[in-house]
Amino acid sequence: MCGIWALFGSDECLSVQCLSAMKIAHRGPDAFRFENVNGFTNCCFGFHRLAVVDQLYGMQPIRVKKFPYLWLCYNGEIYNFKQLQKQFGFDFQTLVDGEVILHLYNRGGIEQTASMLDGVFAFILLDTANRKVFLARDTYGVRPLFKVLTDDGFLGVCSEAKGLINLKHSTSLCSKVEPFLPGHYEVLDLKPSGKVASVEVVKFHSCKDEPLHVACDTVEALPSAGFDLETVKSNIRILFENAVRKRLMAHRRIGCLLSGGLDSSLVAAVLLKLMKEINVNYPLQTFAIGMENSPDLLAARKVAAHIGSEHHEVILNTEEGIQAIEEVIFSLETYDITTIRASIGMYLVSKYIRKKTDSVVIFSGEGSDELTQGYIYFHKAPSPEEAAEESERLLKELYLFDVLRADRTTAAHGLELRVPFLDHRFTSYYLSLPAELRIPKNGIEKYLLRLSFEDSNLLPKEILWRPKEAFSDGIASVKKSWFSILQDYIDQQVDDLLLEKAAEKYPFNPPKTKESYYYRQIFEKHYSGRSSWLPHYWMPRWVKATDPSARTLKHYKSATQE
């Protein structure tokens, strides 16, 4: 996990522009480099490093003797770099996984490069010999990327929008900073002036498609095909375990977030099992946050005892949570209601990990709810086919919501996030299963995933079949949820009259509640006029919901009242 930043065709002094690069210093606390491009005095790269692999030669932009005309700045991990090296006979100069991007590009161009990478990534690749600039981002946008391109060809690229919004240029940048779409690459021509012109933007991978890099995966072919239940369950276990195994690549200590829900518990259990198999010489640290005796803390404690992790509990103080709201919104660069609610606990537990432990590479359970239909409103889906379509929509929008939350809350404290549920191979297989197999059954969401691990003894039965908790509720208690605590506080902060006139002040995505208004005010304070970064609020479907919290859904209430 690092912070990348680059400018092409800057009219202003680069030493002044460089100040914008410092806005993302939190992403790479170990080192910083600012480098001009030879022959292009108005082009430069900025890089903040979190050293996770090859601590000696891992600085960026990466340049190797074999390709002196290539410059690479990337944020991410390429899990199959050794398999690609072996398959194509690449001669690596460093131990850095990202070096494979240079070799792939030299061998087959940008389309093959992006398609063959098994991992999470956002990168800027400069080819001065052919005067091209390439941008690319992984399928689910696990690693963030923003860009601004002016009409006269000035290009700015950064891991977070905050590194671009204050750039100086002769023309206005106001409305043009935008997220780079996941699963896409862009080709730009580099002119002698250092300015660029966009040539094409190409979608190189969809979540349903089996990725091209399957050919050089550690699990090359599944032992059996077909959709009979036992085969499917076996394949899910094989691919999920493989997804966790490949993410063990690190020279820094590995830890795991553990809410006690199904997703993080499965990740933690499989992770610890595999760490033992390869004789990792330190215990796995797991981390939970919540108020005293909250559902999440109690469940996480049970899981940690079962798997034998070194468990840490962070007690959430109400005042501390409320005080963190503004810095959380600044980190997130969004005003989405449920994203902010869920981010506060994750932000504070990440802060604890950074200050109190030496764990840096942090595993988490993001992506499972979208992939395996874990949200409570899936019980209301009109048909299995519509549920499948909704699952795909949620996956495509992860970069706006849960993946954004997970990246920013951890990156704010210099941690690197790993999310095995979003493994390309695992997700494409799960989405290939018949729609009927993937829906909730017997009143239980994620039924197929739970069933697949029922006989594994990885988790206690009551955890494996634990109902879905709204994240912001699991950290509190059902009687006095984090949701209710926030409402009580914000009710005092926003006047009724302000809310009545909210649509006049904020015509795009107008706030409908005091809570929403409060978050929007803070967002506009830091990112005025950039509300289009969030195309719409996250809301459940097929129910008449005015609030994104699971607590407002009938199914949730009946489940928690039993």
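Predicted model: local features only at pLDDT ≥ 70, side-chain atom pairs only at ≥ 80, totals over all residues.
In which sense does α4 pass α13, left-handed or right-handed?

1. The protein is divided into domain 1, spanning 3–203, and domain 2, spanning 222–487. Taken over C-alpha atoms, the centres of domain 1 and domain 2 are 29 Å apart. The two do touch: 32 residues of domain 1 are in contact with 30 residues of domain 2.

2. For a landmark on screen, look for Ala 6, whose bridge partner in β3 is Phe 45.

3. Strand β11 (residues 184–190) and β12 run antiparallel and are joined by seven bridges. A handy pair to find there is Leu 190, standing opposite Val 196 in β12.

4. **Two backbone spots worth a look.** Most residues other than glycine have a negative phi, and most peptide bonds are trans. Against that background, the peptide bond from Gln 60 to Pro 61 is cis, with omega near 5 degrees. Pro 61 lies in the loop between β3 (40–49) and β4. The other spot is Asn 457, which has a positive phi of about 60 degrees although it is not a glycine. You will find Asn 457 in the loop between α15 (447–452) and α16 (461–464).

5. **Helices α4 and α13.** Now back to the opening question: α4 passes α13 in a left-handed crossing. The axes of α4 (residues 229–246) and α13 (residues 424–432) come within 9 Å and cross at roughly 160 degrees. Since an angle over 145 degrees counts as roughly antiparallel, α4 is roughly antiparallel to α13. From α4, the residues Thr 231, Val 232, Asn 235, Ile 236, Leu 239 and Phe 240 meet Arg 425, Phe 426, Tyr 429 and Tyr 430 in α13. By class, the residues of this contact divide into seven nonpolar, two polar and one charged.

6. **Helices α8 and α21.** The axes of α8 (residues 325–332) and α21 (residues 514–526) come within 9 Å, crossing at roughly 60 degrees. That angle makes α8 oblique to α21. The crossing in which α8 passes α21 is right-handed. On the α8 side, the contact is made by Ile 325, Glu 326, Ile 329 and Phe 330. On the α21 side, Tyr 518, Tyr 519, Ile 522, Phe 523, Lys 525 and His 526 take part. Sorted by class, the contact of α8 with α21 has seven nonpolar, one polar and two charged residues.

7. **Helices α8 and α9.** Helix α8 also packs with α9 (residues 337–356), at an angle of about 105 degrees and with the axes 10 Å apart. The two helices are therefore roughly perpendicular to each other. Here α8 contributes Ile 325, Glu 327, Val 328, Ile 329, Ser 331 and Leu 332 to the contact. Its counterparts in α9 are Thr 339, Ile 340, Ser 343, Ile 344 and Tyr 347. The contact of α8 with α9 has seven nonpolar, three polar and one charged residues.

Definitions and conventions
Residues numbered from 1 in each chain as written. Heavy atoms only, no water. Pairing = 2+ DSSP bridges. Helix = DSSP H or I, 4+ residues; strand = E, 2+ residues; numbered from the N terminus. Axes fitted to C-alpha atoms, helices over the stretch in contact; angles between N-to-C directions. Parallel < 35°, antiparallel > 145°, perpendicular 65-115°, else oblique. Left-handed = near helix turned anticlockwise from the far one by under 90°. Contact = heavy atoms within 4.5 Å. Nonpolar A, V, L, I, M, F, W, Y, C, P; charged D, E, K, R; others polar. Domains from an automatic or database assignment.
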